[in-house]
Amino acid sequence: LVRDCSRGGKTTLLGPLTPGRIHGSRIGNLHHADIIGVTSRDRVSTKTNSGSGGQFMIHQPTLEEYVLHCSRQCTPIYPKDASAIINMLDISAGDKILEAGTGNAGLTMHLARAGGMVYTVERSKERAVHAKQIVKEFRNGVLLPSISFHVGVLAETIDAIVQSVESQSFDGMVLDMPMPWTQLPSVFGCLKPDRYVVCYLPSMSQVIDLVRACQPWPLLVEDIVEVDWRKWDVRTTTIRNPDEASDEAVVCRPTHTPGGHTAFLVKLRKFSQFLAVTRINKPFNMAVNQAINEEPFIRYAERLKGLTLGDIPEGSDSFNVKLSAI
C-alpha cells in the first residue's frame with residue numbers, strides 16, 4: 001500500500017510487486033524495484049523527466065485496506081458489515097462456515113481470518129476465479145488454506161459441498177444473494193441446531209419477503225440490523241487571527257468520507273429438532289401439499305422423515321415433525 005505524501009494525496013494498492021513495472025502518478029513514476037526490500041513506513045521517491053519528484057510512504061495493507069483498494073468485479077461486502085456478520089455468526093476457531101455469493105471475496109477473507117473454514121459458492125466462474133486470485137495475493141495467500149471455492153448454484157452444489165465437510169454440517173451460513181428464500185430450503189438442513197444464518201439484503205422489500213418465507217421453516221428471525229459506521233475528524237489546529245496571537249483549537253466533526261446504507265443483515269437462528277411445519281392460517285394438509293408440489297419447497301419436503309397426511313389431524317394448523325437432516 002503506497003500513500004502519496006503530498007497534501008491531498010491518495011492511497012493506492014500495488015502488487016504483486018514486479019521488477020521492471022512502473023506505477024504512474026501525478027507526482028511522478030514509482031518503480032516497483034524501488035519498493036522491493038523496503039520496510040513499512042519507509043519513503044520512496046518518484047522519478048520525473050526533470051529528476052526526482054514526490055514521495056510515497058510504504059505500508060503493509062490491513063485486510064480492511066486490501067478489501068477497499070483491491071481490484072473488483074462487483075461491489076464487496078464492506079468491512080463494517082463483515083465485522084457485524086462475524087459477530088452475528090458467533091464464529092469460533094475451526095467452525096465450518098458456508099458462504100453463498102463469493103463476489104469479490106471481501107467477506108470470505110474476513111470469515112477465514114476469524115478462524116472459520118469457509119466453503120464459498122459463486123454462480124459466476126469468472127468471478128470465482130477473480131476472487132481466488134484476490135485471496136492469493138493477500139499476504140502471499142495466507143488465508144487460502146482456510147477457504148474452499150466452489151462454482152455453481154447453491155441448491156445444485158450443496159450436496160457435493162456437504163460431502164467434503166467432515167461433520168457434514170455447518171456452524172454458520174451467510175447468504176449474499178437477491179432471493180435467499182429460494183435457496184434456504186435446500187441448505188438449512190445442513191446447519192447445526194441453534195446456529196445462525198445471516199442474509200445480506202440491500203432493500204427492505206427483500207427483508208419482508210424473507211421474513212414471510214421463513215414462517216414454515218425451523219428458522220427464527222432473531223435480528224435485523226443496519227450497520228452505520230461514521231468516521232470522525234478530531235485533531236488540533238491553529239487559529240490564525242491577524243489582530244490576536246495564534247491560539248490552538250481542536251477540530252471535531254464527521255469526516256467528508258462518503259457513507260450511507262449498504263444492506264440489512266438478517267440473522268436467523270435454527271431452532272430445535274422439532275418444527276411447526278406451518279404457522280400460516282390454513283389446514284396443515286394444504287400446507288404440506290404446497291411444500292411437496294411447489295418450488296422452492298421440494299427439497300425441504302424431502303427432508304421430512306416419516307410424514308404422511310394420515311398422521312396429521314384433519315384441519316390442524318400446525319404439527320411437530322422431526323427433520324431427518326437434524
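Start by selecting Val 211, which sits in helix α8 (residues 204-213); helices here are DSSP runs of H or I with at least four residues, strands are runs of E with at least two, and both are numbered from the N terminus. Val 211 counts as partly exposed because its relative accessibility is 30%; the scale calls a residue buried under 20% relative accessible area, exposed over 50% and partly exposed in between, with a 1.4 Å probe and protein chains only. Before going on, please note that this is a predicted model, in which local features need pLDDT of at least 70, side-chain atom pairs count only at pLDDT 80 or more, and totals for chains, interfaces and linings use all residues. Residues are numbered from 1 along each chain as its sequence is written, and side-chain values use heavy atoms, with hydrogens and water left out.

**Around Val 211**

Together with Val 211 they make a nonpolar surface patch with about 180 Å² of accessible area. Patches are built from residues with over 30% relative accessible area and no salt bridge, joining like charges within 9 Å and nonpolar side chains (Val, Leu, Ile, Met, Phe, Trp, Tyr) within 5 Å. The areas come from the Shrake-Rupley method with a 1.4 Å probe, and for residues only the protein chains shown count as cover.

**The hairpin**

Next, select residues 22-25 and 28-31. These are strands β3 and β4, which run antiparallel and are joined by four bridges; strands pair if DSSP finds at least two bridges between them. With two residues between them, β3 and β4 form a hairpin. Which residue of β4 is the bridge partner of Ile 22? Show His 31, and you have that partner.

Stay here and show Arg 26. Its side chain forms a salt bridge with Asp 4, with the closest N and O atoms 3.4 Å apart; a salt bridge is a side-chain nitrogen of Lys or Arg within 4 Å of a carboxyl oxygen of Asp or Glu. This pair links distant parts of the chain, since Arg 26 is in the loop between β3 and β4 and Asp 4 is in strand β1, 22 residues apart. Are the two ends buried or exposed? Arg 26 is exposed, at 61% relative accessibility, whereas Asp 4 is buried, with a relative accessible area of 10%.

**Arg 3 and its partners**

Move to Arg 3, which is partly exposed at 30% relative accessibility. Glu 65 forms a salt bridge with Arg 3, and the closest N and O atoms are 2.7 Å apart. Glu 65 lies in helix α2 and Arg 3 in strand β1 (residues 2-4), so the pair ties together parts that are 62 residues apart in sequence. Glu 65 itself counts as buried, because its relative accessibility is 17%.

The side chains of His 59 and Arg 3 are joined by a polar contact of 3.1 Å. A polar contact is a pair of N or O atoms within 3.5 Å; within protein, one must be able to donate a hydrogen and the other to accept it, and residues adjacent in sequence count only if both atoms are side-chain atoms. His 59 is buried, with a relative accessible area of 15%. Leaving aside neighbours within four places in sequence, His 59 is in contact (heavy atoms within 4.5 Å) with Leu 1, Arg 3, Ser 40 and Arg 41.

**Another salt bridge**

Select Lys 47 and Asp 34, whose side chains meet in a salt bridge (2.8 Å, N to O). Lys 47 is in strand β5 (residues 43-48) and Asp 34 in helix α1 (residues 32-35), 13 residues apart. By the salt-bridge rule, the count comes to eleven.

**Ser 146**

Jump to Ser 146, in the loop between α5 (125-137) and β9 (147-151). Ser 146 is partly exposed, at 24% relative accessibility. Beyond its neighbours within four places in sequence, Ser 146 is in contact with Ala 112, Gly 116, Met 117 and Val 118. Tyr 119 is 27 residues from Ser 146 in sequence and 8.6 Å away in space, C-alpha to C-alpha.

**Zooming out**

Finally, show the whole chain. Its secondary structure comes to ten helices and 17 strands. Of the 326 residues, 43% are buried. The chain exposes about 17300 Å², with carbon and sulfur atoms supplying 49% of that area.
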